[in-house]
Amino acid sequence: MSHQAQPAEASEPETPHLDFAGTTPYEDYVQADVLTHLQHTLSDDPGEMVFLVTTQVMELWFTVIVHEWETAANALRGDDIPVAVAALKRSVRELEALNASWRPLSQLTPAQFNSYRSALGEGSGFQSAMYRRMEFLLGEKAASMLVPHRGAPRVHAELEKALHEPSLYDEVLRLLSRRGYGVPRAVLERDVSLRYEPSPEVEAVWTSLYSGKPDDELARLGEALTDVAELVWRWRNDHLVATRRAMGAKTGTGGSAGVAWLEKRAQKNVFPELWTARSHV
């Protein structure tokens, strides 16, 4: 009886290239060795490490989200709505990841937070320059927010530049005006270094757009902005809840009113007319 031919044994996968003259190409690109040696805890509490790493991860997400919103603003200046919407949609996924960063900190008890809180000194996320750039792009501007960064010339210069540039929403409204919609001159020519204030005329523009074809590219732009605004609101609320759970109503580490200040922030919507216009459609 003849034996059936056995299938050839699957060959072992090729061994990846392991020998490099210097650092690996992965390290050269990602700089993981730099990233993983930036953690310098200031207390003996083992919980401080997760607080520090989570905060650093948040800063990285701030950086990429600023990049996306600046990409969108530049595209809007050039009337390229598809590129702007693509950048906004990417930022939505990034905001979801940013918001998920609260999870490791969301169940801190006061005792756990107090075990290393003193190591923060007067440090507070309120002082994050990259988060401030995010806020400026959303139209939440105030020159006073530059004051904490006077001792860091490069950071201060970047923030000052961002303060005096149109926000993402300013660029949206300018595009709507170029498309023939009745955005008031006072809105178009406003001092962009000040916080954006809602306009009844802008609300009417969005009401008109949302009353038209839902697949219109300007309506899709509005929905992409609304997705961003919703996740910014969720970020603020998650921050509020995590802070309330960890420290109650005590004064914040940076001297702010803590929970009371966060509650005030959580009540505000960015791109306000996109929300109020829905009542009139």
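**Spaces and their linings**

Modeller: Ser199 has a relative accessibility of 6%, so this residue counts as buried (under 20% relative accessible area; exposed is over 50% and partly exposed lies in between, with a 1.4 Å probe and protein chains only). The model is predicted, so local features need pLDDT of at least 70 and side-chain atom pairs count only at pLDDT 80 or more, while totals for chains, interfaces and linings use all residues. Residues are numbered from 1 along each chain as its sequence is written, and side-chain values use heavy atoms, with hydrogens and water left out.

Ser199 sits in the loop between helix H9 (185–188) and helix H10 (200–210); helices (H or I, at least four residues) and strands (E, at least two) are DSSP runs numbered from the N terminus. Apart from neighbours within four places in sequence, Ser199 has contacts with Pro184, Val187 and Glu273, a contact being heavy atoms within 4.5 Å.

Rolling a probe the size of a water molecule over the atoms shows where empty space is left. On a 1 Å grid over the protein atoms alone, a cavity is a set of points where a 1.4 Å probe fits but cannot get out; a pocket is an open set with protein on both sides within 12 Å along at least five of seven lines; and lining residues have an atom within 4 Å of a point. Grid points are joined across faces, edges and corners, and a volume is the space filled by probe spheres set on the points.

The structure holds 1 cavity of 30 Å³ or more. The largest cavity contains about 30 Å³ of space, and its lining is made of Asp170, Leu173, Arg174, Val187 and Leu188. By type, that lining has 3 nonpolar, no polar and 2 charged residues (Ala, Val, Leu, Ile, Met, Phe, Trp, Tyr, Cys and Pro are nonpolar; Asp, Glu, Lys and Arg are charged; the others, Gly among them, are polar). H8 and H9 each supply at least two of the lining residues, with the largest share, 3 residues, coming from H8. Helix H8 (residues 168–178) is mostly covered, with 8 of its 11 residues buried; Asp170 and Leu173 are among them. After H8 comes Gly180, with a positive phi near 95°.

Now the open spaces. The largest pocket has a volume of about 1,300 Å³. Its lining has 47 residues, and Phe51, Thr55, Met58, Ser124 and Gly125 lie nearest its centre. Helices H3 (48–77), H6 (129–137), H11 (217–247) and H12 (259–266) each give two or more residues to this lining, and H3 gives the most, 11 residues. The lining divides into 24 nonpolar, 17 polar and 6 charged residues.

The second largest pocket, of about 240 Å³, is lined by 15 residues, with Glu140, Tyr196, Pro198, Asn269 and Pro272 nearest its centre. Its lining has 8 nonpolar, 3 polar and 4 charged residues.

An unreviewed UniProt entry lists Arg117 and Thr253 under "binding site". Of these, Thr253 is in the lining of the largest pocket. UniProt positions follow the numbering used here, feature names are shortened, and annotations may be inferred rather than shown by experiment. Arg117 lies in helix H5 (residues 110–117) and is buried because its relative accessible area is 17%. The UniProt annotation "binding site" (unreviewed entry) also covers His239, in helix H11. With a relative accessible area of 24%, His239 is partly exposed; leaving aside neighbours within four places in sequence, His239 is in contact with Trp102 and Leu262.
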